[in-house]
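Please consult the sequence and the model alongside the text.

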Amino acid sequence: MNRQFPCLEIHLDRLYHNAEQVISRCKARGIQVCGVIKGVSGMPEAARIVREAGAEQLGTSRLEQVERCRAAGVG
């Protein structure tokens, strides 16, 4: 495939597994996790997975990403 720009592939099942592992270890030590979604451009599917894995909050510095996630029903 001829691409002009780099392409990021996100495996949601792997993201869930990794997030769940980190979050469970943090929770065992009394640490609340804020899953930062800026690195995936606020992709609602990724945000949903991080929340399902147990993140207490989601974080990004981009308001359009917050709007996109809220519109997709991600809390």
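Of the contacts in the protein chain (heavy atoms within 4.5 Å) between residues at least 6 apart in sequence, 61% join residues at least 24 apart. The model is predicted, with local features requiring pLDDT of at least 70 and side-chain atom pairs counted only at pLDDT 80 or more, while totals for chains, interfaces and linings use all residues. Residues are numbered from 1 along each chain as its sequence is written, and side-chain values use heavy atoms, with hydrogens and water left out.

**Overall architecture**

- The protein chain holds three helices and two strands, these being DSSP runs numbered from the N terminus (helices: H or I, at least four residues; strands: E, at least two).
- Read from the N terminus, the order of elements is α-β-α-β-α.
- The C-alpha trace spans about 45 × 25 × 20 Å along its principal axes.

**Surface and charge**

- The accessible surface of the chain is about 5,600 Å² (Shrake-Rupley method, 1.4 Å probe), and carbon and sulfur atoms account for 50% of that area.
- Of the 75 residues in the chain, 25% are buried, where buried means under 20% relative accessible area, exposed over 50%, and partly exposed in between (1.4 Å probe, protein chains only).
- There are 11 positive and 8 negative side chains, and the centres of the two sets lie 5 Å apart; Lys and Arg count as positive and Asp and Glu as negative, without His and the chain ends, and each charge is placed at NZ of Lys, CZ of Arg, CG of Asp or CD of Glu.

**Nonpolar core**

- The largest nonpolar core has seven residues: A19, I23, C26, V33, V50, A53 and A55. Such a core is a set of buried Ala, Val, Leu, Ile, Met, Phe, Trp, Tyr and Cys residues joined through side-chain atoms within 4.5 Å.
- Helix α1 (residues 12-28) supplies the largest share of this core, three residues.
- Beyond its neighbours within four places in sequence, V33 contacts I23, C26, A55, E56 and Q57.

**Salt bridge**

- The whole structure contains one salt bridge, defined as a side-chain nitrogen of Lys or Arg within 4 Å of a carboxyl oxygen of Asp or Glu.
- E56 and K27 form a salt bridge through their side chains, at 3.8 Å from N to O.
- This pair links distant parts of the chain, 29 residues apart: E56 lies in the loop between α2 (44-52) and β2 (57-59), and K27 in helix α1.
- E56 is partly exposed at 38% relative accessible area, and K27 is partly exposed at 44%.

**Residue E64**

- E64 is located in helix α3 (residues 63-71) and is partly exposed, with a relative accessible area of 44%.
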